[in-house]
Every structure is written in C-alpha cells, then in structure tokens.
Amino acid sequence: MPAVFPPWDRVPAFFRRWRDRGLVREFHDRVRGQVRERAGHDALPTAGVIDSQSVEADAVVGAGTRGFDGGKLVNGRKRHVVVDTLGLLLGVMVTAADVGDRAAAHILLEQVAAAHHRLALVWADGGYTGSLIEHCLAAFALVLAIVKRSDNMKGFVVLPKRWIVERLFAHLMRSRRPARDFERRIASAEAMIYWSMAALMTRCLARPHRGRG
C-alpha cells in the first residue's frame with residue numbers, strides 16, 4: 001500500500017467500520033450533491049435510470065450469495081443500480097446473478113424512492129415490464145417508463161436515456177477492485193461500489209470548473 005496509508009490491517013478495519021455505520025454511503029451522497037450543483041442541477045434528483053450488471057465473482061464469494069445468469073453466461077453476482085440523469089449513483093443492490101431484474105427492482109426502487117423524495121420518473125428497459133409498473137405508481141408515486149428497442153433495429157443502437165447508466169458500469173469495469181466481485185459479504189460489495197463512485201466524483205470536483213458551455 002502507499003506509504004501514506006495506515007498499517008495494512010487497519011485499512012480494511014476502517015472500511016468495515018465505515019460500512020457498518022453507513023458512512024461510506026453518507027460520504028458518497030454528499031459528494032454527489034456537490035457534483036450535481038456544480039453541473040447546474042438541483043442537489044435532489046427528480047429522474048433516474050435503472051439497470052443491472054452481472055459480474056464474475058471471485059472464489060471467496062460463497063455459494064449462498066452467488067448464482068448463474070443464463071442470459072449473460074456469468075457465474076457470480078448482479079449489481080442492480082439506479083442512477084440520476086448525469087449517471088451518478090442513487091442506489092445499488094447486489095444479489096446473486098440469477099436474481100431477476102424485476103424481483104430486485106421491487107426492493108431497490110422502494111429504497112431509492114424513500115431516500116430521494118423528489119424522484120418522480122425512472123426509465124428502464126424491457127426487462128422491467130409487467131406488474132412492476134403499476135406497483136411503482138401505486139406504492140411510490142413513481143412513473144416507470146419503459147424504453148424499448150424497436151423490432152426493426154439491427155446491430156448496436158444507442159437508446160434514449162438507457163445509455164446513461166452504462167457510463168457507471170463502464171467506470172466500475174475500468175476500476176481494479178469493482179472489475180469483478182471480490183467481497184465475501186453483500187454489504188461490502190455494495191459499499192465498494194459507493195466508494196468507487198465517490199472517489200470518481202471527488203476527482204471531478206478537484207478539477208478546475210469551466211462552467212457550462
């Protein structure tokens with residue numbers, strides 16, 4: 001580890017303490033508000049995008065928290081995320097890779113709606129159709145708008161709104177620790193994603209601000 005770090009055994013101890021006390025999430029959310037305001041947005045989001053990403057799990061991940069995603073052919077875990085319109089993280093839920101998107105979204109969207117009271121609209125792909133749409137509107141007063149790929153589209157096509165969440169996934173895959181799931185506990189896997197995004201936003205805030213346009 002870098003010489004400025006504490007002894008190696010203290011670093012994970014601090015991380016576990018911050019994770020269990022919710023400090024990683026709190027730090028992340030404070031930085032996100034600053035980034036949004038610097039970009040000319042209100043600190044509190046009103047719209048977002050939901051999606052999921054299946055990633056390979058390391059050998060330390062036990063059978064109880066991992067699974068096989070038959071669609072992506074991935075043995076590991078799945079990250080269900082909601083981001084704002086800037087691609088900044090609003091909420092994350094890590095599950096075994098065989099957990100369906102709609103099943104996880106019932107829980108994640110409830111958590112995100114409770115934490116972000118102004119959130120009124122969330123875009124999603126076709127995997128989130130069905131009773132989830134009515135449930136979100138009735139339970140959370142949240143409009144779940146499905147952005148579908150047209151049947152006559154061929155090859156790679158950038159779809160409105162849905163591409164926003166891909167920036168977050170791309171950052172995670174470029175980072176050493178979140179490139180795959182190395183965490184024994186689900187709570188650590190979620191905290192590591194918050195920590196990674198907080199580090200990215202902190203670097204953005206450190207750059208000179210050139211303003212809009």
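A salt bridge here is a side-chain nitrogen of Lys or Arg within 4 Å of a carboxyl oxygen of Asp or Glu. In this predicted model, that rule gives a count of nine salt bridges. One of them joins the side chains of Glu26 and Arg30, with N to O at 2.7 Å.

- Glu26 and Arg30 are four residues apart in helix 2, so about one helical turn separates them.
- Glu26 is partly exposed, because its relative accessible area is 35%, whereas Arg30 has 56% and therefore counts as exposed.
- Asp29 and Arg25 also meet through their side chains in a salt bridge, at 3.1 Å from N to O.
- Helix 2 covers residues 23-38, and the four-residue spacing of Asp29 and Arg25 in this helix means that they too are separated by about one helical turn.
- Asp29 counts as partly exposed because its relative accessibility is 22%, and Arg25 is partly exposed at 28%.
- A network of salt bridges links Arg25, Asp29 and Arg32.

- Arg36 and Asp84 form a salt bridge in which the closest N and O atoms are 2.9 Å apart.
- Arg36 belongs to helix 2 and Asp84 to strand 3, so this pair ties together parts that lie 48 residues apart in sequence.
- Arg36 and Asp84 are both buried, a term that applies under 20% relative accessible area.

**Strands 3 and 4**

- Strand 3 (residues 74-84) pairs with strand 4 in the antiparallel sense, over seven bridges.
- Within this pairing, Val82 stands opposite Gly91 of strand 4.
- The two strands form a hairpin with four residues between them.
- Gly87 sits in the turn of that hairpin and has a positive phi of about 85°.
- Strand 4 spans residues 89-96 and is mostly covered, with eight of its eight residues buried.

**Surface patches**

- A patch of positive charge on the surface gathers Arg10, Arg16, Arg17 and Arg21.
- Arg10 is part of helix 1, which runs over residues 10-20.
- Arg10 counts as partly exposed because its relative accessibility is 33%.
- A second, nonpolar surface patch of about 420 Å² is made by Phe14, Trp18, Leu23, Phe27 and Trp195.
- Helix 1 and helix 2 are the elements that give two or more residues to this nonpolar patch.
- Phe14 is found in helix 1 and is partly exposed, with a relative accessible area of 30%.

**A buried tyrosine in a loop**

- Tyr128 lies in the loop between strand 5 (121-124) and helix 4 (131-140).
- Tyr128 has a relative accessible area of 0% and is therefore buried.
- Tyr128 and Gly100 are 28 residues apart in sequence, and their C-alpha atoms are 9.5 Å apart in space.

Terms used:
Residues are numbered from 1 along each chain as its sequence is written. This is a predicted model: local features need pLDDT of at least 70, side-chain atom pairs count only at pLDDT 80 or more; totals for chains, interfaces and linings use all residues. Side-chain values use heavy atoms; hydrogens and water are left out. Buried means under 20% relative accessible area, exposed over 50%, partly exposed in between (1.4 Å probe, protein chains only). Two strands pair if DSSP finds at least two bridges between them. Patches are made of residues with over 30% relative accessible area and no salt bridge: like charges are joined within 9 Å, nonpolar side chains (Val, Leu, Ile, Met, Phe, Trp, Tyr) within 5 Å. Accessible areas come from the Shrake-Rupley method with a 1.4 Å probe; for residues, only the protein chains shown count as cover. Lys and Arg count as positive and Asp and Glu as negative; His and the chain ends are not counted. The place of a charge is taken as NZ of Lys, CZ of Arg, CG of Asp or CD of Glu.
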